Amino acid sequence: MRLVVRACLIAVGLFLLVASAASASDGVWAWGYNSAGEAGNGTFASPASQGAVVGAGGAGVFMAATPAGSSTVAAGPLHSLAIDPNGNVWAWGSNTSGELGTGSTSFTLATTPLEVVAGAQGGGTYLSHITAVAAGGPGGSGSFSLALDSSGNVWAWGDNSVGELGDGTTASSSVPVQVNRPAGTIVAIAAGGQFGIALDSSGHVWTWGSNSNGQLGSTKPSVGSGAFDASPVEVTNRAGTPMAGFAGIAAGFTSAVAVDTSQNVWAWGDNSDGELGQGSTGGTFNFATAVRLPSGAQLGGVTAVAAGAYHDLALQSGAVLSWGSDASGQVGNGSTGSSVTNPTAVSGPLGTGGVTQIAGGLDDSYAVTSDGTEWAWGDDTFNELGDGKATEEDAPVQVGALPTPVDALGTGCCALHALAAAQSPPSAITGAGSGSTVTGITLNGTVNPNGANVSDCHFDYGTTTSYGSRAPCAQSPGAGTSAVPVSAVLAGLLPNTSYHFRLVSTNSAGTDYGADQTVVTAIPVPTVTAVSPSSGPAAGGTKVTITGSGLLFALGVKFATQSVSSITIVSNTQITTTSPAGSGTVDVTVTSSAGTSATSTADKFAYATPGPPQQGSSPPPPSPAGTSESFAGIVNPEGLATSAYFQYGLDSAFQPLTGAVTYTGATPSQFVGSDFTDHTVTATVTGLQPNSLYHYRLVTTNSSGTTFGPDATFTSGLAPPPPPPVRGKTTNLTPISGHVYVKVPHSTRFVLLTQAVQVPLGTTVDATSGTMWLEAARTAAASTYAAGEKAQFHAGSFVISQRRTAARVYLRLVGGALCPKPKAAHTASPTAAAKHPPPPPHKLIRKLWGSGHGQFTTQGADASASVQGTIWLTADYCDGTLVRVLRGVVTVRDFVHHRTVKVRAHHSYFAQRP
C-alpha cells in the first residue's frame, strides 16, 4: 500500500503524517503538535513523537491508499484527512467548524479517525470514490476541507465565511457540498489560508474564497480586506486574459505558486516576504507573474512546486530551490533572518540533486530523496523536523524514526505541520479456483499495485500449506491504484486431489500474501485399454487384470451386464477382479462417480470351453549366438493346466554316421498356465554344434491332448576361432570341402566338422568324403617350416598323436577291414580252403592323401611315411603298404624288412608282406 501525505503548519502547533510500507503495521504516521488530537494516536499529548495513527475506535492502524505523488493524506491547521483503499475519507483532530465532515459540530475534538459522510454527494452513507484531499484554514475556527472524486468533481466542508467551500454561498457545512464546477474536469486541488485552488484537465487554474491579498490570481474580483468570491474564478495574466498550460499548483497562506507544461514557474498573491520571487518584498499581484532568478530570467526547468505559509519551493533536475520568508531557516540556504526574494539552492546535497518530492509548512520545508528517506529544515519548536532536537535548522537534516521508503510529499499553508507519503506493498487477494479438470485448475485473485510497479506476481500451490510449487500470473498488475484481476492455469495435477494456493505480489516496498484457498481437481471418467487374460471358461472364476486410466476411483466392473462381486484397485492404471459366468465375447466396463468407460476393441473378454492347448505363431529365433540358441513360442492353455517344452536336433545331413534323427534333444518341461490367454514360452539350449542346421518344434500338453508345433529350422552360429595348438596336447582342424567328421577320445559318435576347431590328441578324423587342414604346434626351434605344422588331408581316416618333446605329428590310418592272415598249410583242409578262400593278393583296404609343410608321419599297417613338405599317399593293401610321392622327398620306414628308404617325386615304395 502507498500513501501520499500533505502537510500544513501554523503557529498553533505542528505534526507530521507519514504513510509507510516498511513497518509491520503499514499505515499513516504522525508527529508534532497534537493539542487537538491531530496526530491521531488516541491522545492529546503534545508534541507527539513519530508514531502510527490508530484506527477508528482506537483499534489497529489506519490504512490509506496512496498512489505516488497524489494527495491522499492532508493536514489542516488542527485536523487531518486520509483516503482509505476503498476511496472513502477519514478525518480526525479539531471539528470547531465542521471540518471533519461527520454531519455534526456537537463535538470539537477526535483523537482517532472518523469517516466523512456523503453529504450532497449522495449515493451512500459516506463520501466515496475520492482520489485526493486537501485541508486549509487560518488556524482555530475557520478550517475547511476539500476532496476530489474520480469524476473530476470537487467537494468541500467546514468553514465558509469567505466562500472557502466554493458553492456560491457563505453558509458553513459539516457535510460535503459540491464546489461549483467550472468548465473542464478537475485533476488536482490545494487549500490555502482561506481559499481553494483547482487545476483542470485543460491546464486552467481556478480559485475561490478570500482575495484579501490577490491570492485568487484574477483581475476580475475585487482585492482587499474582506474581499472574496464564493464561486471559482479563472487565474489570468496581467491583461486579464485567462491563462492555460499549467501542470501543477500549490497554495500558501495568502499566495499561490504554479508550474506550466514548459516547466516555467508563476506566482500570485501577497509578496510581503518575497514569496512571489520578484527580487523584492512588498505589494500584491492579483494575476499570475513570472518567478524570477537573480539574473531577471524566469525560473524554468522545474518539475514540481510547493508552498509553505510565506515561502515557496521548486524542484529543478532533482535539486531543491527555495525563496520567501527565512525567519526560521525554512529557505535552507544556511542562514536565518531576512527574506530571500529570488530562488536560491538549498544547502548541502539536496541543492544539487537526488530529490524526488518537496513540501512546505508554516516555517518548515521537507524533501524526499530517491532512496526514500525524508529531510526537513526550518522551525522545530514542536518536533516538526522529527529529529528530536527542538532546534531550528537552516540546512536539511534527516527525519528520524520513520518507516521507509517515503514516496511523496504535500503541503498545506495554513497549519504548523507537514505531511509525507511512503510507498506500500501491493494488496494481494486470493480468489476462488475455477475451471477444475482432472489434471488442471485455474487460480484467480486480484492485485492492487498501490501505485508502485509490481515486480513479481505468482501463485504458490501444493497439496499442503507448505505449497512447494509456484505459477506466474498470466496478467501484469502494473503500477496503478486499482485492483487488477490475475490468474494462472495449472496443468499436470493429480486427479481428485485437494490443492492449497495463495496469491503473492511484490513491489519495491515489499510483498503481500493473500489468504490460503483450496480447490479440488476432478475425477476422470475411467478408460479400459487392456484385459488380461482376454478369455476364460464360461463358468467364470478367471482372475482378470484390467489396465486403463482413471481406475483409482472405480466403483464397479461389469462383464457385459454381469457385475463382478469385488474389485481390487492396484493403481490409477490397473485393477484386478474375477470374471463372472458368461458366454460369447463381451465388453468389460469400469464405472466411477464420473461415468462409465466407453466400449472398444481393447476391452473384450471371450468365454470359451476348455480343450487341447493351442499354439500361436512363434517369432523366429534371434541371430544365433555361437553354440547356444533361444527359442520362443506362444501357447494358449485353453482352460487346462498345460506344460510345454521344445524338441531340437541336427538335420540328417549333418549326422550321416548316426542316422537321420531329427530331434535328439529337448528343453526342460515348464508349466504354462490353465487360462485362456496366450502365453509366451521361451527356452535356451547350449552346446550346439557350430555352423550346423538344426530342427526344432514346440510341444504342448494338457489333459485334453498334446499339440506339436510345426517343424522349424535354424543354423547355429560360428564359435570363436580356436587358440593356437599346444604341442603334445592339441591340434586344430579346419574343414575345406566335402564332409569331414571327427570323434574325440572317450566319445562314441562322430560329429560333422563345420568350422575350425581345436581337438585333443587321440581324436579320430574321417576324411574319406572331404578335405581338411590339420595344424599342429610349431617346432621348438626355428626351422624351414617356422610358419607352423600345417597340411591338408583327404580320402582317409586316421588317429592323431604327437609327442610333447617333438614337433612331429603322427597320423595312424584306421578304418576298413584288414585282410586275415592265411592259416598254416598243415592246418588247412580242402574243405576249409573252399569255405575261406585267400584274399586277393593286392586289395586296397584304406588310404590317406596328404599335402603341406611340416613334420608329419602317416602310418600304415606295414610302413610309415615321414615328410617335411610334399604331396604323398599312404595306402594299406592286404599284402603291404604303399607310399607314393608326387612332390618332394619322403622318408619311408619299412616295418616288414626293418629298413628306411628315401622316396623321391614320381616314385613309389611298397613294403610287401612275406
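Author: Buried means under 20% relative accessible area, exposed means over 50%, and partly exposed is what falls in between. The model discussed here is predicted.

Reader: Why is Asp 862 called buried?
Author: The relative accessible area of Asp 862 is 8%. The cut-off for buried is under 20%, so the term applies.

Reader: What makes Arg 913 and Asp 862 a salt bridge?
Author: Their closest N and O atoms are 3.0 Å apart. The rule asks for a side-chain nitrogen of Lys or Arg within 4 Å of a carboxyl oxygen of Asp or Glu, so the pair qualifies.

Reader: Are Asp 876 and Arg 846 buried or exposed?
Author: Asp 876 is at 1% and Arg 846 is at 14%. Under 20% is the condition, so both terms read buried.

Reader: What makes Asp 460 and Arg 502 a salt bridge?
Author: The closest N and O atoms of Asp 460 and Arg 502 are 3.0 Å apart, and the limit is 4 Å. Asp 460 sits in strand 33 (residues 456-462) and Arg 502 in strand 36 (residues 498-507), distant parts of the chain that are 42 residues apart. Asp 460 counts as buried at 10%, whereas Arg 502 counts as partly exposed at 22%.

Reader: How many salt bridges does this rule give?
Author: The count is four.

Reader: Why is the link between Cys 457 and Cys 473 called a disulfide?
Author: The S to S distance between Cys 457 and Cys 473 is 2.1 Å. The cut-off for cysteine sulfur atoms is within 2.5 Å, so the pair meets it. Cys 457 belongs to strand 33, and Cys 473 to the loop between strand 34 (469-472) and strand 35 (484-490), 16 residues away in the chain. The count of disulfides is one.

Reader: What is the handedness of this disulfide of Cys 457 and Cys 473?
Author: The torsion about the S-S bond is about -70 degrees, so the disulfide is left-handed. Cys 457 is buried at 10%, and Cys 473 counts as buried at 13%.

Reader: Why is Gly 226 called exposed?
Author: The relative accessible area of Gly 226 is 57%, and exposed means over 50%. Gly 226 is in the loop between strand 15 (205-210) and strand 16 (228-234).

Reader: How do you know that strand 49 and strand 50 pair?
Author: Three bridges join strand 49 to strand 50 (residues 629-636).

Reader: What is the strand order in the open sheet of three strands?
Author: The order is 49-50-54, with antiparallel pairing. Strand 49 (614-616) and strand 54 (679-685) are the edge strands, since each pairs on one side only.

Conventions: Residues are numbered from 1 along each chain as its sequence is written. This is a predicted model: local features need pLDDT of at least 70, side-chain atom pairs count only at pLDDT 80 or more; totals for chains, interfaces and linings use all residues. Side-chain values use heavy atoms; hydrogens and water are left out. Helices (H or I, at least four residues) and strands (E, at least two) are DSSP runs, numbered from the N terminus. Buried means under 20% relative accessible area, exposed over 50%, partly exposed in between (1.4 Å probe, protein chains only). Two strands pair if DSSP finds at least two bridges between them.
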